[in-house]
Amino acid sequence: MDLYTLIPRTLVGVAFPAFASLKAVLSDSPESSVAWLRYWVVLGVFSVVELLLDPLVNPLTYSFPTYLVLKCLFLVWCMAPVEWNGSDIIFNQVLLPIFKEHHEQIEEQAEKAKLSFKEKFEIFFKKDKNEKPEKLEKSDKNDKVEKL
């Protein structure tokens, strides 16, 4: 993803929704907060799918404008304050049913990934602790550094 794609997508898909999410939390409106939570779930899934499919959908080294416009329109549809909001439709009709059907396997795989990551993390930092830094020997009293 190049800079010309990243900036508009981040402004449209992250900056504005983050601001709106904060406003929703401060307004004490559970409906609005839940709506934005659904948006963030859909955005997370969209980002993973985009990461995997981007080389296929946009194989050119530069981003073509239609692709960027379609992505931004999709994100606007997902946050639009309308009854046919994209986040609500995708979350309720696609993601939630999949999660309900496969949540045990998903949670099992997530736990395995967490344990694997934790193990690798501990090995990495244990290795660093076992390696002692070299001690610098004190120079002889006769070796003096000239002050300027």
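The side chains of Glu108 and Lys112 meet in a salt bridge at 3.7 Å, N to O; the term covers a side-chain nitrogen of Lys or Arg within 4 Å of a carboxyl oxygen of Asp or Glu. The structure holds four salt bridges. This is a predicted model: local features need pLDDT of at least 70, side-chain atom pairs count only at pLDDT 80 or more, and totals for chains, interfaces and linings use all residues. Residues are numbered from 1 along each chain as its sequence is written, and side-chain values use heavy atoms, with hydrogens and water left out.

**Fold and confidence**

- The protein chain has four helices and zero strands; helices (H or I, at least four residues) and strands (E, at least two) are DSSP runs, numbered from the N terminus.
- Read from the N terminus, the element order is α-α-α-α.
- Mean pLDDT for the protein chain is 81, and 77% of its residues reach 70 or more; pLDDT is the predictor's confidence in each residue, from 0 to 100.
- Among the elements, H2 has the highest mean pLDDT (89), and helix H1 (residues 3-26) has the lowest (85).
- Over residues 144-148, pLDDT stays under 50, and the model has zero contacts there beyond four places in sequence; contact means heavy atoms within 4.5 Å.
- Where pLDDT is low, the predicted coordinates should not be read in detail.
- Of the contacts in the protein chain with a separation of 6 or more, 60% join residues 24 or more positions apart.

**Surface and burial**

- The accessible surface of the protein chain comes to about 12400 Å², and carbon and sulfur atoms hold 66% of it; areas come from the Shrake-Rupley method with a 1.4 Å probe, and for residues only the protein chains shown count as cover.
- Buried residues make up 22% of the 148 residues; buried means under 20% relative accessible area, exposed over 50%, and partly exposed in between (1.4 Å probe, protein chains only).
- Val41, in helix H2 (residues 30-57), counts as partly exposed because its relative accessibility is 33%.

**Salt bridges**

- Glu108 and Lys112 are four residues apart in helix H4, so about one helical turn separates them.
- Both ends are partly exposed: Glu108 has a relative accessible area of 45%, and Lys112 has 48%.
- Lys114 and Glu111 also meet in a salt bridge, at 3.5 Å, N to O.
- Lys114 and Glu111 sit three residues apart in helix H4, so they too are about one helical turn apart.
- Lys114 is partly exposed at 48%, as is Glu111 at 37%.
- Asp88 and Arg38 form a salt bridge at 2.7 Å, N to O.
- This pair links distant parts of the chain, with Asp88 in helix H4 (residues 86-130) and Arg38 in helix H2, 50 residues apart.
- Arg38 is buried, because its relative accessible area is 18%.
- Not counting residues up to four places away in sequence, Arg38 touches Ser87, Asp88, Phe91 and Asn92.

**Aromatic pairs**

- The structure holds eight aromatic pairs.
- One of them joins Tyr39 and Trp40, edge-to-face, at 5.3 Å centre to centre with 80° between the planes.
- Rings of Phe, Tyr and Trp (its six-membered ring) pair if their centres lie within 6.5 Å; planes under 30 degrees apart count as stacked, over 60 as edge-to-face and the rest as tilted.
- Tyr39 is buried at 1% relative accessibility, whereas Trp40 is partly exposed at 29%.
- The Phe74 and Trp77 rings have centres 6.0 Å apart and planes at 55°, so this pair is tilted.
- Phe74 and Trp77 both lie in helix H3 (residues 65-79), three residues apart, about one turn of the helix.
- Phe74 is partly exposed at 22%, and Trp77 is partly exposed at 28%.
- Phe16, Trp36, Tyr39 and Trp40 form one aromatic cluster.

**Cys78**

- Cys78 lies in helix H3 and is buried, at 2% relative accessibility.
- Its contacts, leaving aside neighbours within four places in sequence, are Tyr39, Val42, Asn85, Gly86, Ser87 and Ile90.
- The C-alpha atoms of Cys78 and Gly13 are separated by 9.2 Å, with the two residues 65 apart along the chain.
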